[in-house]
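I opened the notebook for a look at a new chain.

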Amino acid sequence: MGLHTEENRNLMSEKLIQKWRDDKILWMLLAGALLLRVIGFVIYVAQGGTGVEPDTESYLFSAVLMKTNFRFGETAFRTPGYPFILMITMFLFGENYYYGLVPIQILFNVVAIYFVYKCCVLLTQKKQVGYVAAAIASLNFLDISYCYKILTDSIAQTCTIISIYFFLVYLNSLKNGEKENKSILLASVFLVFAVFIRPASVYLPL
């Protein structure tokens, strides 16, 4: 039993090493994107940034209501997904919830870059195109700056891009004479998550 477990571990290690070698450029791009966003956040906070924007108040209002009265509030033009995330960070970090929120948004943004790469490779069958797209997304100033704002953009964008990726996988399966129902289901689930975070995600994929 122990011998088989050791063999399985070795096999998994070899697969991970091989995956790193195959996609070394991608992982370097993702690591660079993460580092760039962390450095940007440190500079932003050092300059007095708090993440507060004109739309922030409505999200915070709903989050506080959820936390104190277990209700969403009267802001019907907002969906409850983002205030729910804010409420969780408030529970975990108290008044310092902002510093718990931003790492989540940075992580989501880096995940979005990965799926931009996956979408481009799926559409073109060329990794080089995916690398260029990932590099552009990594350096996108708006993406970088919105990671630090108390706004829905980073999380909703990521869920939307993941939804698009799985929808493309589904379309690709139809071209090959197959029908990957799991992919269309995942595309639907992530689109629902995106809309739950930001209503505009209903039409943004189009």
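Is S173 buried or exposed? I looked it up: S173 counts as buried, at 3% relative accessibility. My cut-offs for relative accessible area are under 20% for buried, over 50% for exposed, and partly exposed in between, with a 1.4 Å probe and protein chains only.

**Ground rules.** I am working on a predicted model, where local features need pLDDT of at least 70, side-chain atom pairs count only at pLDDT 80 or more, and totals for chains, interfaces and linings use all residues. I number residues from 1 along each chain as its sequence is written, and side-chain values use heavy atoms, with hydrogens and water left out.

**S173.** I placed S173 in helix α8. I took helices as DSSP runs of H or I of at least four residues and strands as runs of E of at least two, numbered from the N terminus. I then listed what S173 touches, leaving aside neighbours within four places in sequence: E178, K179 and E180. Contact here means heavy atoms within 4.5 Å. I also checked S183, which is 10 residues from S173 in sequence and 9.1 Å away in space, C-alpha to C-alpha.

**Whole chain.** I counted 9 helices and 0 strands. The order along the sequence reads α-α-α-α-α-α-α-α-α. Of the 206 residues, 39% are buried. Among contacts with a separation of 6 or more, 66% join residues 24 or more positions apart.

**α5 with α8.** I looked at helix α5 (residues 97-124) against helix α8 (residues 153-175): the axes are 8 Å apart and the angle is about 25 degrees. That makes α5 roughly parallel to α8. The classes are under 35 degrees for roughly parallel, over 145 for roughly antiparallel, 65 to 115 for roughly perpendicular, and oblique for the rest. Axes are lines fitted to C-alpha atoms, for helices over the stretch in contact, with angles from 0 to 180 degrees between N-to-C directions. I noted the crossing of α5 and α8 as left-handed. The contact residues divide into 17 nonpolar, 6 polar and 1 charged. I counted Ala, Val, Leu, Ile, Met, Phe, Trp, Tyr, Cys and Pro as nonpolar, Asp, Glu, Lys and Arg as charged, and the others, Gly among them, as polar.

**I162.** I found I162 in helix α8. I162 is buried, at 7% relative accessible area. Beyond four places in sequence, I162 touches V111, F115 and F190. V111 and F115 are among the α5 residues that meet α8. I162 and L191 are 29 residues apart in sequence, yet 8.2 Å apart in space, C-alpha to C-alpha.

**α4 with α5.** How do I class this pair, parallel or oblique? The axes of helix α4 (residues 81-93) and α5 come within 8 Å and cross at roughly 125 degrees. α4 and α5 are therefore oblique to each other. Y82, I85, L86, T89, M90 and F93 of α4 meet Y97, G100, L101, I104 and Q105 of α5. I sorted these residues into 8 nonpolar, 3 polar and no charged.

**Q125.** I ended in the loop between α5 and α6 (127-138), where Q125 is found. Q125 is exposed, at 60% relative accessible area. Phi of Q125 is near 60 degrees, a positive value in a residue other than glycine.

Definitions and conventions
A crossing is left-handed if the near helix is turned anticlockwise from the far one by less than a right angle, and right-handed if clockwise.
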